[in-house]
Amino acid sequence: MRYKSCNNIKTVLKVLVSVLLATFVSCIEEFGSQDFITPTDNDVTITVNIPTSQIPSTRSTRSIINGNGEATVTSIDILVFKPGDSGNPPQLSEHVQGQNIVQSASSDELYKVQFKARLSTDPNASTVVLVANVPDVATKIETRTAKPDILKALSYASTNPGGTPDGWKWNANPANAASPTPGTDYTPIPMYGEHTITSGGVKAGMEIKNVALQRMLARIDIKNEASEFTLSEVYLVNYNTAGYIAPAWNTETGALLLSGDSGYPYNTNGTPMIPDFCGTKTGEQNALKYSYPTEGSLEGEIYTYEAAASTGVEDTDGHTNGHTNAPCLIVKGTYNNAPYYYRIDFTTAHDSSTSGKYMPLYRNHRYSFTIHSVSASGYASFDGALKSLGIMNNLKTSLHVVNESGVNNIVFDNEYYLGVGDNTMISAASDAELEIPVTTNYIYGWQIDTGKGTNGIEYLSGSGWLQAEKDGASTDQKANIKLATTAANNTGAFRSAWVHLKAGALVHKVMITQHDFVAPTVNDIYLMDGTQKSFSVLSKTPFLVTVETDSANVITLRTTWGASSTGASPTPVYFDVVDDITNPTLFQKGVVVTIKSPTGLFPDTEVPLNCVSAFKQAPSNSYIVAPGGAGIMIPVSRANESKLSNQLSETTEFIADWVWTDNSNKIADNSVVMMYKTIGVGKNGYLLVMPGSAEGNAVVCIKNTSGKILWSWHIWVTKYDPSSVATGKFMDRNLGALSNLASGGINTVGLFYQWGRKDPFPGSKLTSTAEPYIYTPNKSGATAIAREQTSYGLANSVKNPATFYYDTGSSTTWYSESSYDVLWNDAQKTPYDPCPPGWRIPKNTGWSTSGWVAFSTSNKGRSNSSYGGFYPAAGARAGDSGALLTTVGTEGRCWSATPTTSSNEMHYVLFFNSSTVSITHSGTWAVGLNVRCIKE
């Protein structure tokens, strides 16, 4: 079983473009790394982590010059959504504001923001939306409840009471105040984030961690490195003054679009979602002017809303009509002692020797221009520069575009960058997995530098315990490193390795440390029987245990603190489970507990506990269960009722397995059976079976430790519920059938049985003698049933439930013993009767020959409302060959438990064809026929 390490980088699995200061944070109160709130009440506590950037800068990377700036949160609104009914989108169930907002003060670590919210307990809640720095959320959403409508209403527009161009600037502390005040010296940037609640909904006292938010604005920086050019002014031209607070979403469902989704813009140069009222300001008269500093560069002052790219391509037909209104920069400076204007476009090329494609402006991206050289004069006027082609203006520039989400550590030269997520820790387990985002703008992508160390891994301690591969093509610019441990860390100390990366001439590395503290061991399932259970933790240090997810209050922890393990002996963690066996209502619930280090020596480790319950069953050989419904607990004591002596003692260990199913998915959630497990040992044990979502048939079994089948059971997964049928009445379908409709075709056939055997075989296809197929554990694909020419005793039939035994002799029997009373009996139900609890094989006199509707050639069968309705002409499987007879589609037969007067090896059957119905027709035991059960 794989356990999830909950360190921050583990959560960053979807990275778009690049790097730098990531997404969000707050500032009402600052604190150190030990000052976070410890939840002590019923409030929900939410923590947001925001990575910083290590890209070189002449100013604080915390930006909007000083203070927390880009990472400031002055208010936070929490919107809770629950799934909509009948295919409707998620609906708003609650809207509250966060309280007690605190924020980390160190720019050397991940920014952290934490706050509390008094949310109502709601087991149906599925999504928590966070909206930061938007003062009028309640007014914006008004009475809206559908998530798509709310996201559309959540917009932000700049205001400009004075009406001057400078009034449209984002307030970014241009005065560089030493202690800036949010809202006065700068305007905190609106941000958006979501957290999906995987199970359990909102619970009092829960913690929500590692929520990533995105700023809704783009940031533009510019640096002049041209010694022959003195830059003095920078203008932002053709910009929007409004935008949506949320990133692109599905307008029908409200789900945020992810990379790969149709319409996802952020890694395809696609158009972002922009409101109709975006308030575009164009031309020189609306240009925003910024003064370039005498030293350093212009950083953290230009912020703007998302904008679509211009149509057309630089220096090609179709460009001229659109480029003057495309977002761009106009720079003014002195060249050869004369002032000139130059245009710089947001394009994929910045050299007059090549053409470039226009780029949109995206939220949470930083666009960093560098002016490398000026080769000639520019334009004497602003208007002349604005009408020019940006790549043909005698200015050599470069543009680095980075997405400030998830990738924190960057190396770069004057042209390319290579960024990677944080150094991180991975679990001590032998099969732990981790993914870390990497991005570059190098045209040929990034690769693992296999020339370093061992296949790109430089071990600082230990060797061979780590594997690394790129999750994508070699030329992909954005992809994750997939890391996996190949050996558990039992060394008693951390061990580390560098993973080396390269992109062209750029090299980078990230450190991976495998901790050795926590290795949980859990059972496959825990039965909800009201008793105490446990799992074990091998840890080199004391640890805390908390319940992370338990929507149905299934467990109560008895161990909340564990001491460090002694040697190789693990520490048990005890918990009580509810009793859901007496009157089952829960059936299967996933509980997650978290192992934590009180001193931060290892990352939180989630431990999943699969808690199940089911209905205890009476002894039988087949059971009806609903698709996707409750599980059943089958008493294995039936194996001792077989007349084969006691196969199970009080302490006999047994193994659960499956024999065959008619579903190609075999054992899976979307098959007939999704899970089977043993519960207990010996004759008092149970076989737990959980149905899948599909209708159909399967046979499961128990084996001894040598692999011998001790007993098997037919699992009939169907929507059919015959519980209301009166005593002495028939089921409305054959045993194993999925339909009772005359027009139901093959679904009406059901299963075939050899007389006296408890185990079924697949029926016919109704219209042909083609073999039906089944799926078994030892075959990769479909297979026909096994047939063998011999007669065996009872023990062999139990041991080989999927083998059809046929006999070419005159008796055509599969049974070689003299006594047959133990098999099927018309006086009482026997241990080999194949019908479910409360049902049995009928006597032949349970039917009569009257009341039968004429044979239907189109539906291939007969009907009689007195005996359960439609009977298909399913034919039979021959007792002397095991092959399907040519009577498929023209004749039907159902076994009775009544022997004929002429032979003990022949029993009466219900027989019909187009001309007759008989209840005294005889059949030999090896023949495979349908069974129609009658209520006891």
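Colleague: What makes Asp576 the bridge partner of Gln532?

Modeller: Gln532 has Asp576 in E38 as its bridge partner. Gln532 lies in strand E34, residues 532–538, and E34 and E38 are joined by six bridges. Two strands pair if DSSP finds at least two bridges between them. Six bridges meet that cut-off, so E34 and E38 are a pair. They run antiparallel. This is a predicted model, where local features need pLDDT of at least 70 and side-chain atom pairs count only at pLDDT 80 or more, while totals for chains, interfaces and linings use all residues. Residues are numbered from 1 along each chain as its sequence is written, and side-chain values use heavy atoms, with hydrogens and water left out.

Colleague: Which other strand is joined to E38?

Modeller: Strand E36, residues 555–557, joined by three bridges and also antiparallel. Ile555 stands opposite Val577 of E38. A strand here is a DSSP run of E with at least two residues, numbered from the N terminus.

Colleague: Why is E38 called largely enclosed?

Modeller: Buried means under 20% relative accessible area, exposed means over 50%, and partly exposed is in between (1.4 Å probe, protein chains only). Five of the seven residues of E38 (571–577) are buried, so the rest of the structure largely encloses this strand.

Colleague: How do you know whether Ile709 is buried or exposed?

Modeller: Ile709 has 12% relative accessibility, so it counts as buried. Ile709 sits in strand E48, residues 709–717. Val798 is 89 residues away from Ile709 in sequence, yet their C-alpha atoms are 7.2 Å apart in space.

Colleague: What makes E50 and E61 edge strands?

Modeller: They belong to an open antiparallel sheet of three strands, in the order E50-E49-E61. E50 (761–762) and E61 (928–929) each have a single partner strand, so one side of each has no neighbour in the sheet. E49, residues 751–754, meets E50 over two bridges. Leu751 stands opposite Pro762 in E50.

Colleague: How do you know that Lys470 lies over the face of Trp446?

Modeller: A charge sits over a ring if NZ of Lys or CZ of Arg is within 6 Å of the ring centre and within 35 degrees of the ring normal. Lys470 is at 4.5 Å from the ring centre of Trp446. Lys509 lies over the face of Trp498 as well, at 4.2 Å.

Colleague: What is the volume of the largest cavity, and what makes it a cavity?

Modeller: About 50 Å³. On a 1 Å grid over the protein atoms alone, a cavity is a set of points where a 1.4 Å probe fits but cannot get out. The volume is the space filled by probe spheres set on the points, which are joined across faces, edges and corners. The structure holds three cavities of 30 Å³ or more.

Colleague: Which residues line the largest cavity?

Modeller: Lining residues have an atom within 4 Å of a point. Among them are Trp168, Lys169, Trp170 and Leu288. Strand E17, residues 298–305, gives the most to this lining, with three residues.

Methods. Helices (H or I, at least four residues) and strands (E, at least two) are DSSP runs, numbered from the N terminus. On a 1 Å grid over the protein atoms alone, a cavity is a set of points where a 1.4 Å probe fits but cannot get out, and a pocket is an open set with protein on both sides within 12 Å along at least five of seven lines; lining residues have an atom within 4 Å of a point.
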